[in-house]
Amino acid sequence: MAGGQGNAKVEVFDAEEDVAVALAKYVARLSDVHTKGKGVFTVVLSGGTLIDTMRKLAKPPYLDTIDWSKWHVFWLDERVVPKTDPLSNYKLAYDGFLSKVAIPPNNVYAINDTLPAPEDAADDYEACLKSLVEKKVLELSQASSFPKFDLMLLGMGPDGHVASLFPKHPLLKEQKRWVTYIKDSPKMPPERITFTFPVINSSAYIALVVTGADLAKAVHIALGNHDPSDLLPVQMVSPKGELTWFLDKPAASKI
């Protein structure tokens, strides 16, 4: 597969409901392994339909069996809007998932929405991550020296973007920052905060959760034999750890 995803696992399910069930089992298994193994489970959320697909985790048996007290939750990217705004990824995650599970509030690390500029918010979030490395909540990847999250949950846009990393944008080449910002997003709103690819690709596990026929073309390009000189952002997801695609049949219809 193009984009360094040759070791990726590709799981295709009949319908979105089946993806939701499989994702819950997958996340619960990793939660159990990490919380029992080291007492911490660091999870990165993105926005879009992913939060809805996580809905099974907020219901029995997972609601009652997962050790939520060991979870530490982060945001892959955020729109520069107040947390109360319908466009906020924080609000989406809180309303759809976080408010329904018992993760300690101090373990939920939202991007600061009170700072005056996106670059300030990006600097602040990167500083937050570095302080958590010092406190041993986050570890650094020995391979890359970037933060190594236990699980990163990614969605994908119809143009193949992940996080707030869009096709042909200069941010795709950022190699030093942990967290950066964009002021000219092709998708509203234009100002956003985002993790960079070195952070994304330092993750121990990445789940790429993609459902719906409107994403089939991008899935086809991402998983097909296409010119590597003009990769979609999703093709640049190439972790040192394990990458698993969770697709429903409509999303996988062109592969």
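Start by selecting Pro189, which sits in the loop between β8 and β9 (192–195); helices (H or I, at least four residues) and strands (E, at least two) are DSSP runs, numbered from the N terminus. The peptide bond that joins Met188 to Pro189 is cis, with omega at about -10 degrees.

Before moving on, a word on the model: it is predicted, so local features need pLDDT of at least 70 and side-chain atom pairs count only at pLDDT 80 or more, while totals for chains, interfaces and linings use all residues. Residues are numbered from 1 along each chain as its sequence is written, and side-chain values use heavy atoms, with hydrogens and water left out.

**Backbone stops**

Next, select Pro60 and Pro61. A cis peptide bond joins them, with omega about 5 degrees. Pro61 belongs to the loop between α2 (50–53) and α3 (62–65).

Now colour by phi and go to Ser145. This residue is not a glycine, yet its phi is positive, about 65 degrees. Look for Ser145 in the loop between β5 (139–140) and β6 (147–148). Lys168 is another stop of this kind: its phi is near 65 degrees, positive in a residue other than glycine. Most residues other than glycine have a negative phi, and most peptide bonds are trans.

Lys168 is in the loop between β7 and β8. Is Lys168 buried or exposed? Lys168 counts as exposed, at 70% relative accessibility; the cut-offs are under 20% relative accessible area for buried, over 50% for exposed and partly exposed in between (1.4 Å probe, protein chains only).

Stay in the loop between β7 (151–154) and β8 (179–182) and pick Ala163. Ala163 has a relative accessible area of 9% and is buried. Draw a C-alpha to C-alpha distance from Ala163 to Met54: 17 Å in space, for 109 residues in sequence.

**Helix α1**

Select residues 16–38. Helix α1 has 23 residues and spans 32 Å from its first C-alpha to its last, close to the 33 Å expected at 1.5 Å a residue; the expected span is 1.5 Å times one less than the number of residues. Show the side chains of its buried residues, among them Val19, Leu23, Tyr26, Leu30 and His34. Just after α1 comes Gly39, with a positive phi of about 80 degrees.

**Aromatic rings**

How many aromatic pairs does the structure hold? There are 12, where rings of Phe, Tyr and Trp (its six-membered ring) pair if their centres lie within 6.5 Å; planes under 30 degrees apart count as stacked, over 60 as edge-to-face and the rest as tilted. Zoom in on Phe41 and Trp71: the ring centres are 5.2 Å apart and the planes are at 80 degrees, so this pair is edge-to-face. Phe41 is in strand β2 (residues 41–45) and Trp71 in strand β3 (residues 71–75), so the pair ties together parts that are 30 residues apart in sequence. Phe41 is buried, with a relative accessible area of 0%, and Trp71 is buried at 0% relative accessibility.

Compare Tyr90 and Tyr94: with centres 6.0 Å apart and planes at 15 degrees, the pair is stacked. Both tyrosines lie in helix α4 (residues 89–96), four residues apart, about one turn of the helix. Tyr94 is partly exposed, with a relative accessible area of 40%.

The test is NZ of Lys or CZ of Arg within 6 Å of the ring centre and within 35 degrees of the ring normal. Then try Lys130, whose charged end sits over the ring of Trp178, 5.2 Å from its centre. To finish with rings, select Phe74, Tyr109, Tyr125, Phe149 and Phe195, which form one aromatic cluster.
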